[in-house]
Amino acid sequence: QTLNVSGISTFNQDIHFIGATAGVTSAFWDKSVNRLNFKDGADLTFGDGNDLIITHNGSHSLIQDAGTGSLQILGNNIYLGNSSGSENYLRAIPNQQVDLYYNNSIKITTTDGGIDVTGHTETDTLNVSGVSTFNDNVHLLDNDKLLLGGSAGTHDGLELYHDTSHS
């Protein structure tokens, strides 16, 4: 059966939308909370070619941009965090910084001159071009060497190190 409505219609109860499988509700309007609910696996789609799809598959919530453009999240202050809002993962403030969090604590902040890292930084390889300024000690462990001289990939100059008993 088909219901064709023109103009304004008022419903006194919930409205159920039935999918291709007879008798199975894929979405319904819950009048008591003024909310449109989609069942697991039911998609909310936008665009002529279903360019944007929002769904929940029973385990995961998905936002899929299948269009030719880009997915843009726009706002004056953008936060990504947990579902209760008690923990931040990322914060973006217009014309200011972007912050990355770990355990609800800012660890990386973008600045007008680069980035500011809070805490220990561990890298496999660090290539620095330009002048580096250290505001504290440079700590090399036993048998780690400070190599001076030579060319890229080779060393034929001065070595500074400590081997647990000699320097």
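Reply: One definition comes first: two strands pair if DSSP finds at least two bridges between them. Strands themselves are DSSP runs (E, at least two residues), and they are numbered from the N terminus. This is a predicted model, where local features need pLDDT of at least 70, side-chain atom pairs count only at pLDDT 80 or more, and totals for chains, interfaces and linings use all residues. Residues are numbered from 1 along each chain as its sequence is written, and side-chain values use heavy atoms, with hydrogens and water left out.

Me: Which residue in E9 does Arg-91 stand opposite?

Reply: Start with the strands. E8 and E9 (residues 98–102) pair in the antiparallel sense over three bridges. In E9, the residue opposite Arg-91 is Asp-99.

Me: How far apart are the closest N and O atoms of Arg-91 and Asp-99?

Reply: A salt bridge is a side-chain nitrogen of Lys or Arg within 4 Å of a carboxyl oxygen of Asp or Glu. Arg-91 and Asp-99 form one, and their closest N and O atoms are apart by 2.4 Å.

Me: Is Asp-99 buried or exposed?

Reply: Buried means under 20% relative accessible area, exposed means over 50%, and partly exposed lies in between (1.4 Å probe, protein chains only). Arg-91 has 17% relative accessibility, so Arg-91 counts as buried. Asp-99 has a relative accessible area of 0%, so Asp-99 is buried.

Me: How many salt bridges does the rule count, and where does the Lys-145 pair sit?

Reply: The count comes to two salt bridges. Lys-145 and Glu-159 meet through their side chains in a salt bridge, at 3.3 Å from N to O. The pair ties together parts that are 14 residues apart in sequence, because Lys-145 lies in strand E12 and Glu-159 in strand E13.

Me: Which residues does Leu-146 touch, not counting residues up to four places away in sequence?

Reply: Leu-146 lies in strand E12 (residues 145–148). Its relative accessible area is 40%, so Leu-146 is partly exposed. Contact means heavy atoms within 4.5 Å. Leaving out residues up to four places away in sequence, Leu-146 touches Leu-140, Leu-158, Glu-159 and Leu-160.

Me: What is phi of Asn-95?

Reply: Most residues other than glycine have a negative phi. Asn-95 is in the loop between E8 and E9. With a relative accessible area of 84%, Asn-95 is exposed. Phi of Asn-95 is positive, in a residue other than glycine, and is near 55°.

Me: Which residue in the turn between E7 and E8 has a positive phi?

Reply: Strand E7 (residues 78–81) and strand E8 (residues 88–92) pair in the antiparallel sense over four bridges. They form a hairpin with six residues between them. The turn residue with a positive phi, about 80°, is Gly-85.

Me: Which element has the highest mean pLDDT?

Reply: pLDDT is the predictor's confidence in each residue, from 0 to 100. The protein's mean pLDDT is 87, and 96% of its residues reach 70 or more. Among the elements, strand E1 (residues 15–18) has the lowest mean, 74, while the highest, 96, belongs to E9.
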